[in-house]
Amino acid sequence: MKKLFILSALICVGVLFSASAKEKADYKYEYQEATVSYRNVQIYKILDHNDAYIVMYAKGHRDVGTVTIPKKWYTSSMRSDSKLTFRPLPKGMNPYMTVLNRDGSFERVILTLPVSRASAIWGVADSTVKIDDADKDTLDIKY
């Protein structure tokens, strides 16, 4: 009796599933290339300056790259036009920087860092040093 009940239940489920399934012709499979790409790089040190953040990151396998990120890019609200965003660093991970590009041009940078400024990753840049590109609108980074 149990076998008959289980068998009839499976048949009912199969009939319901096949009746609700769409025909294969209804689905269109088209290749669509993504317009957004990203690249993550490990951060070795980030220096806080009056006008910008100076980020030292892993470039290639042995080199260290440096890039400046203007502070004016950051807005405290999560607006979509903000070019700089900070994320808290999860436990067990190294600090990293994510650079987002849309259609091949820079869109935004996300810094994933320890929340505490007492962390060894944070430093303070000499305030007398003038940063020439603290007014830039795009991020030119070499990987």
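These notebook entries record what I looked up in this predicted model.

**Entry 1. Ground rules.** I number residues from 1 along each chain as its sequence is written, and I use heavy atoms for side-chain values, with hydrogens and water left out. Since I work on a predicted model, local features need pLDDT of at least 70 and side-chain atom pairs count only at pLDDT 80 or more, while totals for chains, interfaces and linings use all residues.

**Entry 2. Strand E1 and its partners.** I took helices (H or I, at least four residues) and strands (E, at least two) as DSSP runs, numbered from the N terminus. Two strands pair if DSSP finds at least two bridges between them. Strand E1 covers residues 36–48. I found E1 joined to E5 by 7 bridges, with the two running antiparallel; Val36 has Arg102 as its bridge partner in E5. E1 also runs antiparallel to strand E2 (residues 52–59), over 5 bridges, and here Lys45 is partnered by Met56. E1 and E2 make a hairpin that leaves 3 residues between them. With E7, E1 pairs in the parallel sense over 3 bridges, and Asp48 stands opposite Val124 of E7.

**Entry 3. Salt bridges.** I next asked how many salt bridges the structure holds. The structure holds 5, a salt bridge being a side-chain nitrogen of Lys or Arg within 4 Å of a carboxyl oxygen of Asp or Glu. For residue exposure I used relative accessible area: buried is under 20%, exposed is over 50%, and partly exposed is in between (1.4 Å probe, protein chains only).

One of the salt bridges joins Arg117 to Asp48, with the closest N and O atoms 2.9 Å apart. This pair links distant parts of the chain, since Arg117 is in the loop between E6 and strand E7 (122–124), Asp48 is in strand E1, and the two are 69 residues apart. Arg117 counts as partly exposed at 46% relative accessibility, whereas Asp48 is buried at 18%.

I then noted Lys72 and Asp137, whose side chains meet in a salt bridge at 3.8 Å, N to O. Lys72 lies in the loop between strand E3 (63–70) and strand E4 (84–88) and Asp137 in the segment after E7, so this pair ties together parts that are 65 residues apart in sequence. Lys72 is partly exposed, with a relative accessible area of 47%; Asp137 is exposed, at 54%.

Arg102 forms a salt bridge with Glu107, the closest N and O atoms being 2.5 Å apart. Both count as partly exposed, Arg102 at 37% relative accessibility and Glu107 at 28%.

**Entry 4. Aromatic rings.** I counted 4 aromatic pairs in the structure. Rings of Phe, Tyr and Trp (its six-membered ring) pair if their centres lie within 6.5 Å; planes under 30 degrees apart are stacked, over 60 edge-to-face, and the rest tilted. Tyr53 and Trp122 are edge-to-face, because their ring centres are 6.2 Å apart and their planes stand at 70 degrees. Tyr53 lies in strand E2 and Trp122 in strand E7, so this pair ties together parts 69 residues apart in sequence. Tyr53 is buried, with a relative accessible area of 8%, and Trp122 also counts as buried, at 10%.

Tyr74 and Phe86 are edge-to-face as well, because their centres are 5.4 Å apart and their planes at 70 degrees. Tyr74 is in the loop between E3 and E4, Phe86 in strand E4, 12 residues apart. Tyr74 is partly exposed at 38%, and Phe86 is partly exposed at 27%. Ring pairs link Tyr53, Tyr74, Phe86 and Trp122 into a cluster.

**Entry 5. Charges over rings.** I counted a charge as over a ring if NZ of Lys or CZ of Arg is within 6 Å of the ring centre and within 35 degrees of the ring normal. The charged end of Lys71 sits over the ring of Tyr53, 5.1 Å from its centre. Arg39 lies over the face of Tyr143, at 4.2 Å from the ring centre.

Entry 6. Most residues other than glycine have a negative phi. Asp103 is not a glycine, yet its phi is positive, about 55 degrees. Asp103 lies in the loop between strand E5 (96–102) and strand E6 (105–113), and it counts as exposed at 62% relative accessibility.
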